[in-house]
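Thanks for coming. Please have the structure open.

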Amino acid sequence: MAAATSTFKPMDHVHGDPLEIPELACGAMAGSKPYVAAPGQQEALGFPGELVENWQEKAINRLGELVDNSRALRVFLDSCVKCGACTDKCHYFLGTGDPKNMPVARQDLLRKVYRRYFTWSGKYVPWLVGAQDLTKDVLDDWYSHFHQCSQCRRCSVYCPYGIDTAEISMAARDIMDTVGLGQKYSNEIIGKVFNIGNNLGLPAKALKATLAGLEEDVEEETGVPVRFPLDEKGADILLVTPSADFFASPHMEGLIGYAKVMHEAGVSWTFSSYASEAANFGMFVGSQENMQKVAQRIHKAAEELGVKRLVFGECGHAWRVAYSFLDTLAGPFDFLDQNYPIPQHICEFTNDLIDQGKLRFDKSRNDAIRLTFHDSCNVARASRMGDKPGGQFEIPRAILRATCNHFYDMAADTIHEHTLCCGGGGGLLTDELMDVRLKGAQPRMRALQQVAEDHGVTHMAAICAICKAQFSKVLPQYGFDMESIVSVHQMVSNAIILTGSIQEQDYEAARLSVLQEV
């Protein structure tokens, strides 16, 4: 299946209101489809290798199972009154103008079929209630438009009934996998986790070499032997982080920040080569069975290593799965120390140390950066941090304000629970979907452009691996530098003063000079 071509020029669209309603462009994104999973990629996850002969019957049966097992899904499919509150809340609709990217229209792709086979009115007067038979054309429409949803849940914030399009998209993808029409990108990644332990397919030997190289780099930079331990039994903390943190910028710079914080806190900690992945793409494809298998690897690693605490690195949907579902999927975690959050986000860990005065920062080391913060969707709308409502918004910002002198938020209606998606989440971070990714990023790029013009912002921080990878690709297309996206713990790494480090000597010398002048 070939990727769709486009004449879209991002630079022509970077200026303007991020939430401007576009002109309708019916059918504009009909040709956008991800590559279909190969038979082996399907079968590795327990799905048919290709579209089964009785796919229609099997799809209808699976839909019936899903609504029987999820009261929420049934309510979401039954309760829409077409009020229109969600129509302009999807970044893909704002960027493409395709009316099928209105949340209500995307929901209706599944809702019409549900009504046809599972409601009295749909069975006997389908024309009256907009019910529709499940045909191959409808299935193809599902495959296109349910892969133009990043499951960001922004529309649900504005829906008066709380209808969650993400849950409907997950259900549709589950059904498509069940009949043998799965997406290559997500299914291939889940298979890598089962076979190797992480999304990248990075084997333990390579992971060990990577961490050893980072130890050398950090010691050369700081003069301090900061460790990046792997598979160390008896460590207090297991740090589970997205595998992107082991591989590329700006993820790896964030990883270095984690290690420096752990070192300065004086805690014993370790990575696991068996569970070297925080991300869980089982959620993206709507498969509870596969989501559970990925999560159980973390439980097994924590138990076998004998750790007392479980900390997650910077990954948006990984934190949603960990915060909302981990105990259900892979619990109980009664062998961990119950005096600490189970699980805990690395931002919570670092912020607690800041509040206790256990970390020192030289904020001037980040003075070349004028910073804003992108609230990642799964953190913002599907989780919390800390012990207060809104902690998922305030804690990352508190860390950034502690580590830099120049921080500015984007417009209020584009952050916090209203945040705009990066455009690459939900299993869409694949090259054949670059057109929809670029268009979906347009609202966030406009909000970034506004804060850049108003405050001279040069960089944007995020705590999601997918956001960072997506922005690294789309920022240059909108006229920003690729390196304008940074990790929150990259800012920590830049500014932290490690005890006994070269930076501490410089910091103390500068402080003494200031005192002498006074």
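Start at glycine 306, which is partly exposed because its relative accessibility is 40%; buried means under 20% relative accessible area, exposed over 50%, and partly exposed in between, with a 1.4 Å probe and protein chains only. Before going on, note that this is a predicted model: local features need pLDDT of at least 70, side-chain atom pairs count only at pLDDT 80 or more, and totals for chains, interfaces and linings use all residues. Residues are numbered from 1 along each chain as its sequence is written, and side-chain values use heavy atoms, with hydrogens and water left out.

Glycine 306 sits in the loop between α14 (288-305) and β3 (309-312). Helices are DSSP runs of H or I with at least four residues, strands are runs of E with at least two, and both are numbered from the N terminus. Neighbours within four places in sequence aside, glycine 306 touches Gly234 and Ala235, where contact means heavy atoms within 4.5 Å. Proline 332 is 26 residues from glycine 306 along the chain, and their C-alpha atoms are 15 Å apart.

Another cis peptide bond, with omega of about -5 degrees, links isoleucine 342 to proline 343. Proline 343 is in the loop between α15 (316-330) and β4 (344-345).

Two residues to check for positive phi are next. Arginine 153 is not a glycine, yet its phi is positive, about 75 degrees. Its loop runs between α8 (136-145) and α9 (154-158), and arginine 153 counts as buried because its relative accessibility is 17%. Histidine 416, also not a glycine, has phi near 55 degrees. Histidine 416 belongs to the loop between α18 (391-403) and α19 (434-440), and is partly exposed at a relative accessible area of 22%.

On to a helix pair. Two packed helices are described by the angle between their axes and the distance between the axes. For α2 (residues 55-69) and α5 (residues 103-118), the axes come within 11 Å and cross at roughly 90 degrees. Axes here are lines fitted to C-alpha atoms, for helices over the stretch in contact, with angles from 0 to 180 degrees between N-to-C directions. The two helices are therefore roughly perpendicular, the label for 65 to 115 degrees; under 35 is roughly parallel, over 145 roughly antiparallel, and the rest oblique. On the α2 side the contact uses Gln56, Ile60, Leu63, Gly64 and Val67, and on the α5 side Leu110, Val113, Tyr114, Tyr117 and Phe118.

What about α5 itself? Its 16 residues reach 22 Å from first C-alpha to last, close to the 22 Å expected at 1.5 Å a residue; the expected span is 1.5 Å times one less than the number of residues. α5 also bends by about 40 degrees at leucine 109, taken as the angle between axes fitted to the seven residues ending there and the seven starting there. Buried residues in α5 include Pro103, Arg106, Asp108 and Arg111.

Last, methionine 491, in helix α22 (residues 488-495). Is methionine 491 buried or exposed? It is buried, at 0% relative accessibility. Beyond four places in sequence, its contacts include Asn366, Leu400, Cys404 and Val486.
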